[in-house]
Amino acid sequence: MALLELIFISVLQFGVVNSQEKIYRIFQPEQNATLPCGSPSSSGPLQCSDISWLYNRDPSETVMEASSGEVKQTSSRADRLSLNSNCSLVIKRVTAEDVGLYTCRRGGSDCSEVNVYLSVFTVFPTLTRSDPWSPIEVRLECSLLRYRGLSSCQPNSLRWVNETGAVITDGVTESSRDADCFSDLNVARQRVYNGKFSCQSANEENNKDIQGDYTPFQTGTRCKTTAKADIVLLVDDSGSIYPENFITLRCFIADIVGMFDIGPDRIQIGLTQYSDDPKTQWHLNAHRTKKSLLNDVNELQPIGGHNNTGSATHPEKNFKPEVGMREDSRKIGILFTDGDSFDGVDMPSQNLRDNGTELYTIGVDGAHVNYLKSIASDPHDTHVYYVSDFDDLRYIFTSLTDNLCDSIKGPESFLTQMELSP
């Protein structure tokens, strides 16, 4: 699996126009963001009881996120928002949905406002193939998601450089949507296939604001541990998942597999697709090498039907010694779904947890967060993930695999952080 290293630099730009201060901040997905209510004041600390925070994804609609120094409980993000002692707005685990303009208003007057523009930057590898018989290629996707009221992206606002610092133009495709900037790099087109590639966001002075580094095909795995783990992937394959989304999900699963040292004495991964009825594609002990496992991941095809999650989570189907589950291994289940179940899921998921299986849930689009929480293990902050679109799975990849690695290492994992290949 490729080593993905992101280096992020927050950028502050200040200007005062009509008593309105402007602050620009860039964050990576899953970071905690603190949005200041202006520069430090010589007149003393702010009175948070006079502070309101407003949010705009685009100029057409304004949402009140906090007033009188308190987060509005009617906000869809109330569980992730808070105000600190400096009246700054704190956002836990930033996602693409948090991109936008945040306005700190003092005393209810728009004459004294601070505008904070929150952007999200990411570099993510995507595995692609033009047909089932063609080789897999790596495409690097770099994106900078911005407030839609900002001006459109300028040419070369995102640029690729190699490890020598030379700008790459061959195999680069630029695009934009509203104020969002995108740039893709076809790794197969590069002469130095194992070199480091970096995506940079450049400001108006052509200086680097932020950079993400990617080194393809680094030897070894990202989660290095001698612990044993048996992981069962439960993959929703109901008819609501369109073929193009299934391909995205399949590539995401391949990226997860690539993180681990696969083998009978290390990590074993089984996979079940479920819709009307669950279908085990392979058991835990079916693959002794990562290459063999990835070959089967790449051959997965959509099935279609209704979403019967409950039948897929019965412990006797995949979590048993007869199909390779080892007595001395960590037991982990990862459930992917795009909606709520047609059958009961509370009892079988509870049985799995009671039997020592740690459950992660990943929901897309129509999956409700409370439903995901009812299945997953505690704490939900590290076991429940939701994205509104399959393409946004990239934004949870690092957090998910970091937490999976900690689960595999077990309770002692807090002593050492996730090990990265050099």
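Modeller: A disulfide here is a pair of cysteine sulfur atoms within 2.5 Å. This is a predicted model, where local features need pLDDT of at least 70, side-chain atom pairs count only at pLDDT 80 or more, and totals for chains, interfaces and linings use all residues. Residues are numbered from 1 along each chain as its sequence is written, and side-chain values use heavy atoms, with hydrogens and water left out.

Biologist: How many disulfides does a search of the whole structure find?

Modeller: A disulfide is a covalent bond between the sulfur atoms of two cysteines. The search covers the whole structure, and its count is 5.

Biologist: In what pattern are the bonded cysteines of the chain paired?

Modeller: Number the bonded cysteines in sequence order. The pairing then reads 1-4, 2-3, 5-8, 6-7, 9-10.

Biologist: How many residues apart are Cys48 and Cys87?

Modeller: A disulfide joins Cys48 to Cys87, S to S 2.1 Å. The link is left-handed, with -100° about the S-S bond. Cys48 sits in the loop between strand S4 (33–35) and strand S5 (51–56), and Cys87 in the loop between strand S8 (81–83) and strand S9 (89–91). The pair links distant parts of the chain, and the separation is 39 residues.

Biologist: Is Cys87 buried or exposed?

Modeller: Buried means under 20% relative accessible area, exposed over 50%, and partly exposed in between (1.4 Å probe, protein chains only). Cys87 has 0% relative accessibility, so Cys87 counts as buried.

Biologist: Which hand does the disulfide of Cys153 and Cys181 have?

Modeller: Cys153 and Cys181 are joined S to S at 2.0 Å. Cys153 lies in the loop between strand S12 (137–145) and strand S13 (158–162) and Cys181 in strand S16 (residues 180–186), so the pair ties together parts 28 residues apart in sequence. Both Cys153 and Cys181 are buried. The torsion about their S-S bond is about -100°, so the disulfide is left-handed.

Biologist: Which helix holds Cys405?

Modeller: Cys223 and Cys405 form a disulfide, sulfur atoms 2.0 Å apart, and with 90° about the S-S bond it is right-handed. Cys223 is buried at 3% relative accessibility, and Cys405 is buried at 0%. Cys223 lies in the loop between strand S18 (208–215) and strand S19 (229–236), so the pair ties together parts 182 residues apart in sequence. Cys405 lies in helix H8 (residues 397–409).

Biologist: How many helices and strands does the chain have?

Modeller: Helices (H or I, at least four residues) and strands (E, at least two) are DSSP runs, numbered from the N terminus. By that count the chain has 8 helices and 24 strands.

Biologist: Why are the buried residues of H5 on the same side?

Modeller: In helix H5 (residues 346–354), Pro348, Ser349 and Leu352 are buried. The arc is taken from the directions from the helix axis to the C-beta atoms. These residues share a side of H5 because they cover an arc of only 95°.

Biologist: Which residues are exposed on the other side of H5?

Modeller: Just after H5, Gly356 takes a positive phi of about 95°. Within H5, the exposed residues on the other side are Asp346, Met347 and Asp354.

Biologist: What share of contacts in the chain joins residues at least 24 apart?

Modeller: Contact means heavy atoms within 4.5 Å. Buried residues make up 52% of the 422 residues. Among contacts between residues at least 6 apart in sequence, the share joining residues at least 24 apart is 66%.
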